[in-house]
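Have your viewer ready and follow along.

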Amino acid sequence: MNSASVPVTMADLRRWAQEARLPGDPPPLSDDAALLIASGHLSPGGRALVVRRMSMGLPLPRLSGSYGELRRLQHAIGHLEQQLATGMIPNVVATVLRTRLSGMTRRREDARRVVVGGKGVFATSTRAIRRERRENLYLEIDEREKLFTGVLYTPVANLPVGGGVRRAGSAAVDRIAGFVGSLAGRNAAQNVEEWINEALGSDGKPAPSGRGGADFSDGYEALQFVAGHFYDRIQHSPAWRSDFFELQRSAVNLHAELAEIAADVVTLRTLRVDLDQARASGGYDRGFVEHLDQREAALRPVWTELLSRVQALVEIAQTVESASAELRILDEYDRTSTLDARIDHLVARSGDRELSADNTRRLSEQVRAGEEQLRIYRDVLQGNIARIAPHQAPMELPERYEPGPS
């Protein structure tokens, strides 16, 4: 997945989504990618505003850590709340868990104030707010709350799944109760802490995937991560930022494309939950179930279209990364050309120009070959962008879908 030389096919994307698992060890998403994916939870107007601010280089909320760390914090909070809700945790352990949960909740609230409060990001005075609203740059408070909800679920690989308690259930709790009862002395509290870290997996560190690779909570999150990952690779590519691809950069708004992909994935996931609930409540009615099956089938082309749009991002990333190698070679040729000019000057003074002419012709041929290869990359990139451009406007989805075979 991390190699520009290995193509990613539609079949790869479909399999990754189906398995909720990616090969390799991809790095965490950037803050920009996380915010754009989180904007999928906003209204179309709020999402467009986030994209507009990012496109204009205006500030957006930034945490002292990463949004991936915030997702892990939220995951740990939910895990601890679930364990405490069982009522089967020994008192000495429950006390430690509540203290830890309180600290985690304070950290999450600090992050919420940064995102929702928008201090130093969004206008605060009445006059400045009115100006930003006129310029369509002011994100309203309710939209910021939705944005914070979105970043709490930033796609993150290999979230901890918990240890003995979560896997073994009440039998593990009974055994642990006996273990805790045997603790004594000054080391008791430390032993409880160690047990919590091991049994609950609430230390916030990535959990190793037993099979290797990167595991996600579901296929929707895996697809969002893939889109964000290749968005980051495009944005960080020197070739993409070069003058050579200036026309291509102006032909597509990658911020908007990632945000719209994220919004469609959020909608599809929500529809899947609604579908499951409808089947659970009305599954006894055969006609109703057939209707739900038809609505789900109507959404499968939308899922395929989403996979196609993500694959277009993948191909753009791999194309510009290949072009980056050509640009580096041309830069080296430019430096060599400067060196040749100095050599030419010295050789001319001695009356020997033949060597200089040969070097110049050879360098010119190499530069022409590099430029021709870049033109090929540019043509390929234009075709990839053409697959994205028709979808810049938000898609209207029918009523349902989940990752699965076509």
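Which helix gives the most to the lining of the second largest pocket? H5 does, with 4 residues.

## About the model

This is a predicted model, in which local features need pLDDT of at least 70, side-chain atom pairs count only at pLDDT 80 or more, and totals for chains, interfaces and linings use all residues. Residues are numbered from 1 along each chain as its sequence is written, and side-chain values use heavy atoms, with hydrogens and water left out.

## The second largest pocket

The second largest pocket has a volume of about 230 Å³. A pocket here is an open set of points on a 1 Å grid over the protein atoms alone, where a 1.4 Å probe fits, with protein on both sides within 12 Å along at least five of seven lines; lining residues have an atom within 4 Å of a point. The volume is the space filled by probe spheres set on the points, which are joined across faces, edges and corners.

Among the lining residues are Arg 62, Glu 69, Arg 107 and Asp 110. Helices H4 (67–85) and H5 (91–117) each give two or more residues to this lining; helices are DSSP runs of H or I, at least four residues, numbered from the N terminus.

## Helix H5

H5 has 27 residues and reaches 37 Å from its first C-alpha to its last, close to the 39 Å expected at 1.5 Å a residue, where the expected span is 1.5 Å times one less than the number of residues. After H5 comes Gly 118, with a positive phi near 60°.
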